[in-house]
Amino acid sequence: MASVLLPASLLLAVLMLIPELFGDFMAYQIGLYLIYGIAAQGIGYLWGKTGVLPLGQALFFGVAAYVTAIALRDVQGLGAQLVLALLVLAVLAGAAFVLATLIFRGRSESGPYFSLVTLALAMIAEQVAGTATGLTGGFNGLSGFQSLAALDPFGGFYYVIVAATVLVSLLLLILNRLPATLIARAVADNEPRLQLLGFPTHVVKGMAFAFSAVIAALAGGLFASHQGIVTPTSTGFALSAELVILAAVGGRFHVFGPLLGAVVVGWASAELRDSFPYWELLMAVAFILVVLKAPGGLAELIERAFRQAWPAKPPVPQPPLEAPPPLAAQAAQPLKFQDVELRIGVVRILNGVSFETPATGIVSIIGPNGAGKTSALNTITGNLHPTGGSICLGDARIDMRPPYRALGSGIGRKLQVPSVFFSMSVSENLTIAMMAGRARRLDYLKPSTFRWRSAALARVLEHPSVPLKDEVTQPVGTLPQGHRQFLEFAMTAASAPPVLLLDEPCAGLSPDETALMTDLVRQYQAETGALVIVIEHDMSIVEAISDKVLVLHQGRVLAFDTYAAIRADPQVSMVYAGGTK
Amino acid sequence: MSLVLILNLIWQISTLALVALGLAIVFGKLRIMNMAHGEFVMIGAYAPVITASLGLPGWLQLPVCILTVALVAFVLERSVIRHLYGRMFDSLLATWGIAILLREGVELIFGRGYQSVSPPIAGTVTILGADYPAYRIAVIAGIAVGFAVLAWWNRRSKVATRIKAMVGNPELAQAVGINTARLSAGAFVFGCCTAGLAGLVLAPTIRIEPMMGLDYLIRAFFALVVGGLGSLEGLAIGAGIIAGTQSLLGALASQTYGYLAVLTLSILFLWLKPDGIRPSSR
Amino acid sequence: MTTLLEIDGLTGGYRDTNVIFDLTTRIAPGKVMGVFGRNGVGKTTLARLVQGSLLPAEGMITLAGAEITFRPAYERRALGIGYMPQTAMVFDDLTVRENLSLGQTGHAPDLYFERFPRLAERLDQLAGTMSGGERKILAFVRAMIEDTQLIVLDEPSEGVQPENIDHMAACITERAASGAGVMLCEQNLSFLTGISDHYLGLDAGSVVLDKARDKATQDEIRAILTL
């Protein structure tokens, strides 16, 4: 709690002192910078956490500013005005959410396309604002309305801005300490992995975008009331870019960064504009330097200096909390492929694959490189959609659903190259895995969710040979490949899926580690009664763990039988001679 | 539709294709979201202003243009851009800073006011009964020939493959012997020079001023979005659709509607067909 | 004995943290050096320091008498060091054919197509759409056909089917027989011990075993892997 209230109170104290120390005119100017800073804080959250860069945030800022101007001119009574304001915020949030989820649906990255869409929308808004003279006053803008509650922009209204600034900062400080933000960060880190853990990432991004849009709109409303005039530039490309620059310079990873950026840049331009002819050159160079040398912006530089004087205390380990059971608890069911075909471009990868696994047990998939083993798993999780045939789990058809629904239908997956959240610590990785398939909506807003652990996960972690326990606070990016294999296995097993797909879990492991991994796989199967499907090349492992073996060759099923029968099959030994490590 | 309108359309499309060519290389191949692309068009357009103010003969416009743009691009690549490969959003921000830098720099030298230059070829030619400026006809023909040569060279040379290899996997590219620093600098400078060239040929037909770049940047971006980043063919299609929509609606309705149509079209493509009409992977 | 690659007192790693400490060893032409050790002991870092993707903090690397310690990777390739990385080992956006033709090639790939017929069938497929094992094979063949005198291989057998591992072993032995030095970093012990002329065992970034094939025992090797 102190880590939230202390910085927020400090901010409040500093902002309250400004009119006393520097006078009302300075407070008026700082008020404007803070308004831009609030909008930039929304960008900072969206971009710094989820990795989505909005290039048209002035759209929400501007629309809200115009609506506020019209409301202040035409609607009587503070109450009605505030109700209207809330209504506008809700509408803009809804629109932003729909826009982002629609564009991000079916994708697993945040490339530049969405950013360019927001940019184009802001440009349309600017164009419309300039043309629809009847509504917006055209290029001259809307003016001649009173400030909110008739407060003086050079006096009382400053405190409204301060209140908004502190409230938004407080909200962000709290949000940053909740599981919801951990999920947002996971989107930026490794979106395909988060989808396989059952999170609809397009919805996560949609909510983050809506949140940032609301903050931008709030700032836009304050702007109209503060400035007394709204013109098309309040909703255009230039302001959008400016807001992004403020977030970048101030520091997008920190709550106060964008505020700092707005005040520093605003104040420096005001000071230098008249006295120093090259000030814009100077600002441009400073901005380029920040992007190149200090991607975390001013806030990160300050924090680093601060941390040298007062090093951060290591987090106190919290007592674990028994996690709730998985939401979609199902029994293991047989997996059935029926004439599954998969073609990518002209390349035929699966040519009519049919088989039906038992409902429980360990099934190994072997076959020459390029036989279609990984692709078969991709069709099960929905990362690839078959171009023919059907895949059923029990009676439910599963081949056309998106990857984020795989876990919900009972399927967990470990990928071939270990795929974890590389910028996060081991314990953060495990927290996300514990939320997978278990967390309800409200759990994302409860700090206690961080402490969730399950007995199954503890058994993996506390196994005397599993290398992860000494590395819980280490960023995963520094772990060697083999340790990442164990981490990803632990994360996939954490949600206790009744169907567990493991793609070469022993790749890159030493002989001892390989033995450990096969132990863990067997243990998982025995404890959960799950159906485990393993792709493996090493025949000694296949022999040791398999109830049945599926042999794929050139996208077809060559054989599907017990290990002994496969070993004796002359057709199999023709295409696939076994060997061991 | 009158013949002059069609010729104007061809003029718009071919000059936009030339403007977008450099961005197709820098954004499409090097994955640098170059927000300063329009500023290289702007610098190129100032080349005739430079030669005129120095009293140099007209034929020096081309070498002055290429040298100036290449020098600026090279310095920027070595000092800023080379840190940004593989960091697309950072490249967007840093080049936005570069764009401001170049605009302000040019403003300090030449002032904020409009400049204009006269075309090196005066007079008109008559095509199928319509009079059209000879200069524009020459430029259209030049761009057509230039794209043909480029397409021919692109098919024969391995440079496109090497750039693709470098951008996809820089470490392995070095391991197979590609000097990535030289290749990326070369590609960036070449892309900027084509932008400068576009500015030079456009110069006699527009108002030259420090802020002129942004409009070219945006239209070039949207031409690439619509056409796809993969091929010269996609580039030509994208330029055709963007410039075509804008000029037709501009002529039939108003400039605003043309502009809004282009933006709407781009949003639809970004949303529903983000790889454009001709996607980059084959 | 002539020396192809000399490593003297090499210390290096990533920006802030060294992974390899004061490492000294030699690779002779025509010999295969098998580098092994548990996960995280620095095999990949050593490979990258030799190949030039990483530059060392201290020490000296010499190839055929010429110092290359701080030479960039593309110059080392020109001097004759070939490299197959552990991850990101092919150009995903290029076809198999383009992958194979990008470096200066000294050896015809046909010989390798006989052993790995999959590649020959897939020449026009994008490498990124191939399976993990196929990409390993492509990367391996790419490194083998280059005209190099030292080949650095980082975990070539990971995810490769057993008989293709045998083919890989045969290819490496042949290249060594024709005079190339090979530095093979591997987890797969039977593959490694099957073809190495010399062993380099690593633990925590330092050499714990540096012996010729006939001087090292299986127990010694196992002991290093279970330290």
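Tutor: Two residues are in contact if their C-beta atoms, placed from the backbone, lie within 7 Å. The model is predicted, and the contacts below are computed from it.

Student: How many residues of chain B and of chain A are in contact by that rule?

Tutor: Chain B contributes 26 residues and chain A contributes 23 residues. On the chain B side, helix 4 (88–110), helix 9 (213–227) and helix 11 (255–272) each supply at least two of the residues that touch chain A. Helix 4 of chain B gives the most, with twelve residues.

Student: What makes up the side of chain B that touches chain A, in nonpolar, polar and charged residues?

Tutor: It divides into 19 nonpolar, five polar and two charged residues. Gly is counted with the polar residues here.

Student: What about the side of chain C that touches chain A?

Tutor: There, 28 residues of chain C are in contact with 28 residues of chain A. Helix 6 (132–145), helix 7 (162–177) and helix 8 (189–195) of chain C each supply at least two residues of that side. The division is seven nonpolar, 15 polar and six charged.

Student: How do you know whether chain B is as compact as a globular protein of its length?

Tutor: The globule rule is 2.2 Å times the number of residues to the power 0.38. For the 282 residues of chain B that rule gives 19 Å, and the radius of gyration is 19 Å, close to the rule, so chain B is as compact as a globular protein of that length. The C-alpha atoms fill a box of roughly 60 × 45 × 35 Å along the principal axes.

Student: What percentage of chain B counts as buried, and by what test?

Tutor: A residue is buried if 20 or more other C-beta atoms lie within 10 Å of its own. By that count, 51% of the 282 residues of chain B are buried.

Student: Which elements does chain B contain, and in what pattern?

Tutor: Chain B has eleven helices and two strands. Along the sequence the pattern is α-α-α-α-β-β-α-α-α-α-α-α-α.

Student: Turning to chain A, why are strand 9 and strand 14 called edge strands?

Tutor: Two strands pair if at least two bridges are found between them. The open sheet has six strands in the order 9-11-12-6-13-14, with mixed pairing. Strand 9 (411–414) and strand 14 (556–561) of chain A each have a single partner strand, so one side of each is left without a neighbour in the sheet. Neighbouring strands are turned by 15° against each other on average, direction ignored.

Student: What makes strand 11 and strand 12 of chain A count as a pair?

Tutor: The requirement is at least two bridges, and strand 11 (residues 499–503) and strand 12 (residues 531–535) of chain A have five, in the parallel sense. L501(A) stands opposite I533(A) in this pairing. Helix 19 (residues 511–528) of chain A packs on the sheet, touching strand 6 (361–366), strand 11 and strand 12, and its direction makes about 160° with that of strand 12.

Student: How do you know that the pairing in the sheet is mixed?

Tutor: Strand 6 and strand 13 (residues 548–553) of chain A pair in the parallel sense over four bridges, whereas strand 13 and strand 14 of chain A run antiparallel, joined by five bridges. The hairpin of strand 13 and strand 14 of chain A has two residues between the strands, and Q554(A) takes a positive phi near 50°.

Definitions and conventions:
Residues numbered from 1 in each chain as written. Chains lettered and ligands numbered in written order. Predicted model: local features only at pLDDT ≥ 70, side-chain atom pairs only at ≥ 80, totals over all residues. Buried ≥ 20, exposed ≤ 12 C-beta atoms within 10 Å, placed from the backbone. Axes fitted to C-alpha atoms, helices over the stretch in contact; angles between N-to-C directions.
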